[in-house]
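The sequence and structure come first.

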Amino acid sequence: MTVDEAKAILHKRNLRATKQRIQLLQFLSQNRKPLSLTEIHTHGNLDMDESTIFRNLETFVLNQLVSKYLIDSGTTHYEYTPDGSGHHHVICTNCHRIEELPVCPIKDISSITSQVSSFTQISSHQLCFYGTCTSCANM
C-alpha cells in the first residue's frame with residue numbers, strides 16, 4: 001500500500017491522515033494476519049510508542065478498517081480488514097499459531113437469528129476454532 005492509497009482510505013472514513021496512521025495502516029496491510037499490540041510494536045518499525053499504536057488501532061476498529069480478536073490466551077490481536085468484515089481463524093493451543101479459515105461456516109445462522117432471538121439485526125460475529133497444528137502434533 002502506498003502513502004497515497006493509505007491517505008485515500010483514511011480520508012474515505014473521515015480520519016486524519018497522520019504520519020503514524022499511514023505507517024500503521026501500511027504495516028497492517030502488508031501483514032494480513034492477526035497481530036498483537038506487542039508484535040506490531042516490535043516488528044512494525046513504527047515511529048510511535050505502544051500507547052499511540054493502541055489508540056490508532058482502536059480508532060481503526062471503530063472505523064471498520066481493522067478487526068479486533070480476543071484470543072483464548074487473553075491477548076488481543078488486530079487484523080487489517082478493509083471491507084469491514086472479519087473472518088474466522090484456527091488457533092493452535094500449543095504454539096498459538098493462527099491460520100485464517102477461507103469460509104464462514106455460520107453465515108446462514110446469522111440470517112436466522114431474528115427468528116430465534118430478540119435481535120433484529122446482527123452486525124458482526126467472531127468465531128475461532130482451537131486445536132493442535134500439524135507442527136505441534138508431530139513433535
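Helices here are DSSP runs of H or I with at least four residues, numbered from the N terminus. The model is predicted. Just after H1, asparagine 14 has a positive phi of about 60 degrees.

**Helix H1**

- H1 spans residues 3–12, and its buried residues are Ala6, Ile9 and Leu10.
- These three lie on the same side of H1, because the arc they cover around the axis is only 95 degrees.
- An α-helix has 3.6 residues a turn, so residues three or four places apart point the same way.
- Asp4 and Lys12 are exposed, on the other side of H1.
- The cover over the buried residues of H1 includes two helices, H2 (19–30) and H4 (50–62). Strand S3 (76–80) is also part of that cover.

**Cysteines**

- The whole structure was searched for disulfides, and zero were found.
- Cysteine 92 is in no disulfide, and the nearest cysteine sulfur to it, that of cysteine 136, is 3.7 Å away.
- Cysteine 92 has a relative accessible area of 3%, so it is buried.
- For cysteine 133, the closest cysteine sulfur is also in cysteine 136, and the distance of 3.7 Å is too far for a bond. The cut-off for a disulfide is a sulfur pair within 2.5 Å.
- Cysteine 133 counts as buried because its relative accessibility is 12%. The limit for buried is under 20%.

Key
Residues are numbered from 1 along each chain as its sequence is written. This is a predicted model: local features need pLDDT of at least 70, side-chain atom pairs count only at pLDDT 80 or more; totals for chains, interfaces and linings use all residues. Side-chain values use heavy atoms; hydrogens and water are left out. Buried means under 20% relative accessible area, exposed over 50%, partly exposed in between (1.4 Å probe, protein chains only). The arc is that of the directions from the helix axis to the C-beta atoms. Contact means heavy atoms within 4.5 Å.
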